[in-house]
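Student: I would like to go through this model term by term. For each label, please set the value against its cut-off.

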Amino acid sequence: MSTTGKIIRCRAAIVWKPGGSFSIEEVEVAPPKAKEVRIKMVATALCGTEMKMLKDKNLQHQHYPIIMGHEGAGIVESVGEGVSTVKAGDKVIALFLPQCGECTSCLNSADNLCIKFKQGETHLMSDGTSRFTCKGKPVYHFGNTSTFSEYTVMNEISVAKIDAAAPLEKVFLVSCGFSTGYGGAINTAKVTPGSTCAVFGLGGVGLSVIMGCKAAGATRIIAVDTNKDKFEKAKEVGATECINPQDYGKPIQEVLFDLTGDGVDFSFEVIGNPETVAAALASCRESHGVCVIIGLIVGVQLNISGHLFFSGRSLKGSVYGGWKGRDGASKLVSDYMAKKINLDALITHTLNLDKINEAVELMKTGKCIRCALLL
């Protein structure tokens, strides 16, 4: 029986209050309205953003209850009026970074921060309402996507159609983690052949940065993390050496200068720690070093010595690895299908959505890079 135009009842992982854990509940998902798409999610995962939201007071907004999740892939169940780029049955990537194709950012070849990205800050759809209801109460959306639900509704511009043969349980990583890290090296930093790079933080995004540095031809890629359990995986994906700041009696930037002679050409902060940003910038060559901030930093001020800029160093930010949302996702999935990139190495665990709190604990141990949650 067709579900088009009807309310769908399904399971979703809801956080009811700040600091709460995920609760698996039955929710009602309304049909998509104009320019919206309803998707049957197949695979999703916890990203560093959700992990921070669960513990960081600076990120505990007032929008509760909420269905989180912004990294995922699924199949279009139905479309609203005026949708022309996808149809029922299409495989798609969910995008926290939309691509409207009309704003100044979308029309600028060097820009990717679509103006519609800020719609996610309302935690509602474009008309100011939610498509989710649980126990008679509206439930807020998250990141333009809300992938922690068996069915979800997104704007058409937050959905990228992909190869019909693509394995969704693998390519969902293109939705955020892989694209953000890989593109941070390729697009934002523009890593050059023969260069030396330092990557601070070896989660899924940090490992993807390493992959990007390797693909760009960097000859020396130094992985930096306090968890030595991540070193083997870092070397597997391309790191040439790994160091733990806790093993040294001096600041990590001094260690990197000792190792390289005059600093690294490119450094990447993939943790979201203001102190690490300062160290990463100070690790760069004075003459032309580039430091890229990829880790999420919200609600705090950076404290960086102005002396670091009395040189040729530069500090840059990166969102979704500099890719335009829909175009970038489709391209990267095609590259995966052509075996130009490897996503499989980043998926270390697989669980069903109802085990999401177990996935949280796995992520906390540092032994889990990405846990694929299957719906």
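**Cavity and pocket**

Tutor: The largest cavity holds about 90 Å³ of space. This is a predicted model, in which local features need pLDDT of at least 70 and side-chain atom pairs count only at pLDDT 80 or more, while totals for chains, interfaces and linings use all residues. Residues are numbered from 1 along each chain as its sequence is written, and side-chain values use heavy atoms, with hydrogens and water left out.

Student: What makes a space a cavity, and what makes it a pocket?

Tutor: Both are sets of points on a 1 Å grid over the protein atoms alone. In a cavity a 1.4 Å probe fits but cannot get out; a pocket is an open set with protein on both sides within 12 Å along at least five of seven lines. Points are joined across faces, edges and corners, and a volume is the space filled by probe spheres set on the points. The structure holds one cavity of 30 Å³ or more.

Student: Which residues count as the lining of the largest cavity, and which lie nearest its centre?

Tutor: A lining residue has an atom within 4 Å of a point. The largest cavity has 13 of them, and Leu124, Met125, His141, Asn144 and Thr145 lie nearest its centre. Ala, Val, Leu, Ile, Met, Phe, Trp, Tyr, Cys and Pro count as nonpolar, Asp, Glu, Lys and Arg as charged, and the others, Gly among them, as polar. On that scheme the lining has five nonpolar, eight polar and no charged residues.

Student: What is the make-up of the second largest pocket's lining?

Tutor: Four nonpolar, eight polar and six charged residues line the second largest pocket, whose volume is about 370 Å³. Its lining comprises 18 residues, with Lys35, Cys100, Lys116, Glu156 and Ile157 nearest the centre.

**The chain as a whole**

Student: How many helices and strands does the protein chain have?

Tutor: There are ten helices and 17 strands. They are DSSP runs numbered from the N terminus, helices being H or I with at least four residues and strands E with at least two.

Student: What does the UniProt record say about residues 204-324?

Tutor: The unreviewed UniProt entry annotates them as "domain: Alcohol dehydrogenase-like C-terminal". UniProt positions are given in the numbering used here, feature names are shortened, and annotations may be inferred rather than shown by experiment. Over this range the chain is 31% helix and 17% strand, with the end C-alpha atoms 20 Å apart.

**Single residues**

Student: Why is tyrosine 320 called buried, and why is lysine 35 called partly exposed?

Tutor: Buried means under 20% relative accessible area, exposed over 50%, and partly exposed in between, with a 1.4 Å probe and protein chains only. Tyrosine 320 has 1%, so it is buried; lysine 35 has 45%, so it is partly exposed. Phi is near 50° in tyrosine 320 and near 65° in lysine 35, each a positive value in a residue other than glycine. Tyrosine 320 sits in the loop between strand S15 (314-317) and helix H9 (325-337), lysine 35 in the loop between strand S2 (23-29) and strand S3 (36-44).

Student: Is glycine 322 buried or partly exposed?

Tutor: Glycine 322 is partly exposed, because its relative accessible area is 32%. It is found in the loop between S15 and H9. Contact means heavy atoms within 4.5 Å; leaving out residues up to four places away in sequence, glycine 322 touches Asn112, Asn187 and Thr188.

Student: What makes aspartate 265 buried?

Tutor: Its relative accessible area is 10%, so aspartate 265 is buried. This residue lies in the loop between helix H7 (252-260) and strand S13 (266-269). The C-alpha atoms of aspartate 265 and valine 290 are separated by 6.3 Å, although the two are 25 residues apart along the chain.
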